[in-house]
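Student: I want to go through the charged pairs in this protein. Can we take them one by one?

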Amino acid sequence: MSLFISAAQAAPAVGASQGQGTMINLLMIAVFIAIFYFLIWRPQAKRAKEHRTLVESLGVGSEVVFAGGLMGRITKLEGDFAVIELSRGNEVKIQRASVISVLPEGTLNNL
């Protein structure tokens, strides 16, 4: 025996145990894929679909909250952009995709 070379290990016999190991590995990969799908990909796709329908449903007069935290009423829609009136005479142009929620009608009047 050499100080730097370890002794060789005998390889396991090829047979039934090799087939079981392959099946277990495939089963574990399938479980990881299922976990990834149900915990990560599916909920994210669902949230993206809900946001897409929210953005498509925007109309003039809708009261919205957008990503900056500001609230206002939509006065004009221009393709992918919307003009939001924050207060009387104070308007900003934002991307429609930055809208995170639509408020119930009359919310801004009660604030």
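Student: Is Lys 76 buried, exposed or partly exposed?

Tutor: This is a predicted model, where local features need pLDDT of at least 70, side-chain atom pairs count only at pLDDT 80 or more, and totals for chains, interfaces and linings use all residues. Residues are numbered from 1 along each chain as its sequence is written, and side-chain values use heavy atoms, with hydrogens and water left out. Buried means under 20% relative accessible area, exposed over 50%, partly exposed in between (1.4 Å probe, protein chains only). Lys 76 has 44% relative accessibility, so the class is partly exposed.

Student: Which residue pairs with Lys 76 in a salt bridge?

Tutor: A salt bridge needs a side-chain nitrogen of Lys or Arg within 4 Å of a carboxyl oxygen of Asp or Glu. Here the N to O distance is 3.3 Å. The partner is Glu 78.

Student: Which residues form one network through shared partners?

Tutor: Lys 93 also meets Glu 78 in a salt bridge, at 2.8 Å, N to O. Lys 93 is in strand β4 (residues 90-95) and Glu 78 in strand β2, so this pair ties parts 15 residues apart in sequence. Strands are DSSP runs (E, at least two residues), numbered from the N terminus. The shared partners join Lys 76, Glu 78 and Lys 93.

Student: Is Glu 63 buried or exposed?

Tutor: Glu 63 forms a salt bridge with Arg 73 at 2.5 Å, N to O. Arg 73 is partly exposed at 25% relative accessibility. Glu 63 has 1% relative accessibility, so Glu 63 counts as buried.

Methods
Helix = DSSP H or I, 4+ residues; strand = E, 2+ residues; numbered from the N terminus.
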